[in-house]
Amino acid sequence: MNNFIWLYDTFVWAAIISLIFCRIFRISSSYKFVGFCILCALLHLPLPNVPYSTLAYITNWMSSLSVMSAAILGVYLLRSWDLSYGITRQEKNALCIVIVFASTMLYLSVNGWGFGDLYAIGFRPYLLITGMGIIFVFCWIIRFYIICGCLILIMLGYYGHILPSNNLWDYLFDPLLVLWALFCFAIIAIQWAMQASVAITLYLRRSALSNNPTDIKTGTPQPSRKE
Amino acid sequence: MLLGAVAFWLAITAVPPTVSFQLALPNESALTTTTSQKKIIAINYLSDSPSLNIGAPALSVLPGGKIWAVWSADIPQPRYRAIYSDVWHADKVWGADHAILVQKSPRTGMPVDYLQAAAVVPLAHDARKHVVFYADTMRNYPQMSHLKMIVSTDGGTEWSLPHRIYSSPLAGMGLHVRHKPLFYADGSIGIPAIAHILGSTGLIVRFNSDYQVTGHNRIRTSVGSAPCLVPLNEKTIVSLQPRSNRSPQRFEFQRRVSTNSGQLWQSDFTDLRARTLSIVALPKNRELIAVLNNNTRRRARDSLALAISNDQGKHWRTIYHFEHPSAIQNQPQIAHKKNYMQEIERTLVRDQHMPDDHAQRAAWLAASQLCYDGICRTRYRDPWLLRDEHNNFHLIYVWNDVLVKHIQFNQAWLNAVR
């Protein structure tokens with residue numbers, strides 16, 4: 001087991017709390033880094049009436065989050081410190097859709113649905129790595145370089161045994177990441193639904209106008225009833 | 001860079017997996033029968049003093065022929081819970097209880113109770129290295145449980161800190177263990193478990209000899225409890241797992257058979273009805289014997305039956321009731337602890353589990369369903385049956401929620417009662 005897992009957990013949970021605070025309160029980028037460092041220290045302070053630290057309490061319930069989560073948190077953290085442009089909207093949408101689709105399949109198969117157990121293939125992940133390789137090449141071609149970087153970090157983490165798990169799925173997904181992806185996916189779905197409703201409305205209006213015989217004759221739009 | 005990454009992927013996917021799924025069974029020709037008397041050899045209590053909330057106890061055979069028992073219980077200090085260990089020596093005496101893990105349990109003041117170490121599975125690979133698998137469980141919230149293990153490399157004196165086991169996609173949460181492990185020919189171990197994620201699914205979590213999780217096999221959807229696995233030969237395993245919990249006193253069971261050491265399973269029929277059970281296979285004619293809670297009354301745990309199956313678990317026939325009044329008369333008595341219920345009450349009062357006032361004590365006893373109006377309830381649960389290298393059978397179970405009881409019998413007695 002990796003003896004430096006506490007460093008990884010400190011970074012991940014401090015990043016989560018720091019990003020939530022930055023989202024709620026408007027803090028200048030110079031103070032954000034200082035706040036992140038203070039959070040890292042605070043996570044190791046013992047809780048009242050409990051013989052262990054806040055970080056130990058959190059990781060006891062939630063365990064270590066995946067490398068994919070850590071990579072995405074790192075991208076957002078760099079962006080909040082004005083050190084990076086962050087992830088593009090197209091890249092984020094694609095990532096969320098892939099995570100939602102894959103995690104749905106994974107959780108359903110573990111729960112007894114379907115013939116195979118997808119989680120079991122993560123222990124001997126030759127098939128999974130091949131699939132990730134295909135996704136890597138595809139993302140490289142369409143220039144989603146942050147997803148490519150995440151995949152490389154996941155592979156390095158898996159072969160470097162960063163996490164205590166021997167299953168590649170645990171390096172790819174965790175429940176918090178899936179919840180975040182579901183939230184983003186819901187927003188994307190609502191946006192798509194709104195765009196689709198606008199497009200359908202426009203189409204119906206155009207078709208209604210084009211079906212009007214007066215318009216066909218004159219070639220001018222018919223005045224509205226109010227006019 | 002793209003070409004390098006593709007080459008890296010090709011390199012690591014080119015290695016084929018090499019996994020052996022053959023089971024390792026005990027050498028039956030080496031079994032030595034030491035006693036031929038047709039009787040129950042010994043009855044004892046494992047625990048030195050009564051405890052509350054005893055978790056399901058478990059047994060394992062140590063390399064020297066000793067029997068090693070592990071169970072969990074509350075300790076007198078409030079809000080603490082411990083895993084206890086005890087060893088059955090060759091002189092037919094249990095040693096002193098030894099708490100191998102003590103953990104604080106935030107039981108009071110929390111919206112939900114957090115029960116640590118609800119069930120344990122002990123393993124002893126060699127004379128020095130002992131392992132205990134256990135589940136930290138939150139009562140009423142099985143999804144929040146964690147599977148953990150502690151290791152001792154000095155024969156059970158010093159134990160490591162708990163190490164969490166990851167074998168579920170919900171960050172290792174929702175796993176429970178119970179029942180005897182499987183041993184594979186390559187030295188790996190399969191622990192029967194159940195994963196509570198969106199529903200419940202039986203699993204065999206597989207560990208290598210270094211106790212790292214190397215895989216798991218799913219045994220379809222079930223309810224409630226981990227599968228009870230009985231290896232019949234190097235490739236065939238019978239799984240008995242609760243199927244329906246429509247009647248709370250006993251589950252209907254689902255029988256499944258795997259002919260490839262647990263990778264694929266086929267459903268089959270069984271008439272088994274029980275709440276908790278433990279099964280062993282007899283060496284020669286492959287009969288299965290089970291000790292089970294075959295309760296008939298609602299919410300009762302008053303039946304601890306010995307059942308036998310001649311067709312690999314399809315049909316079961318009850319042949320004996322261990323705690324039936326007529327059976328107890330013919331059993332050897334526990335001489336040194338006759339007034340056990342009074343001792344239990346004294347211990348509970350002393351440890352401030354139970355109020356000292358007589359009226360309050362009666363109310364407490366009624367609420368805890370231990371004794372009421374001088375009538376003590378009979379409640380037996382979580383049996384664990386084990387066959388040792390001398391072909392003797394060891395049964396331990398939770399007796400009235402406050403003690404762990406041990407019964408030893410032999411093949412001759414079994415042949416006489418069947």
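A disulfide is counted here as a pair of cysteine sulfur atoms within 2.5 Å. In general terms, a disulfide is a covalent bond between the sulfur atoms of two cysteines. With that in mind, a search of the whole structure returns zero disulfides over all chains.

Colleagues, the structure before you is a predicted model, in which local features need pLDDT of at least 70, side-chain atom pairs count only at pLDDT 80 or more, and totals for chains, interfaces and linings use all residues. Residues are numbered from 1 along each chain as its sequence is written, chains are lettered from A and ligands numbered from 1 in the order in which they are written, and side-chain values use heavy atoms, with hydrogens and water left out.

Let me stay with the cysteines for a moment. Cys37(A) is partly exposed, at 36% relative accessible area, whereas Cys22(A) is buried at 17%. Buried means under 20% relative accessible area, exposed means over 50%, and partly exposed lies in between, with a 1.4 Å probe and protein chains only.

I turn to the two chains. The secondary structure of chain A consists of 10 helices and zero strands, while that of chain B comes to five helices and 29 strands. These elements are DSSP runs numbered from the N terminus: helices are H or I with at least four residues, strands are E with at least two. Of the 227 residues in chain A, 42% are buried; for the 418 residues in chain B the share is 56%. Contact means heavy atoms within 4.5 Å. Among contacts with a separation of 6 or more, residues 24 or more positions apart supply 68% in chain A and 50% in chain B. Accessible areas come from the Shrake-Rupley method with a 1.4 Å probe, and for residues only the protein chains shown count as cover. Chain A has about 13,500 Å² of accessible surface, 70% of it from carbon and sulfur atoms; chain B exposes about 17,700 Å², with 51% from those atoms.

Next, helix 1 of chain A. Spanning residues 5-24, it has 20 residues and reaches 29 Å from first C-alpha to last, close to the expected 28 Å. The expected span is 1.5 Å times one less than the number of residues. Its buried residues include Trp13(A), Ile16(A), Leu19(A) and the Cys22(A) already mentioned. What do these buried residues pack against? Their partners are helix 2 (29-42), helix 3 (54-62), helix 4 (67-80) and helix 9 (175-210) of chain A. Phe21(A) also lies in helix 1, but is partly exposed at 43% relative accessibility.

Helix 5 of chain A, residues 89-110, has 22 residues and reaches 31 Å, close to the 32 Å expected. Its buried residues include Leu95(A), Cys96(A), Ile99(A) and Leu106(A). After helix 5 comes Gly112(A), with a positive phi near 105°.

Ala307(B) sits in strand 23, residues 305-309, and is buried at 2% relative accessibility.
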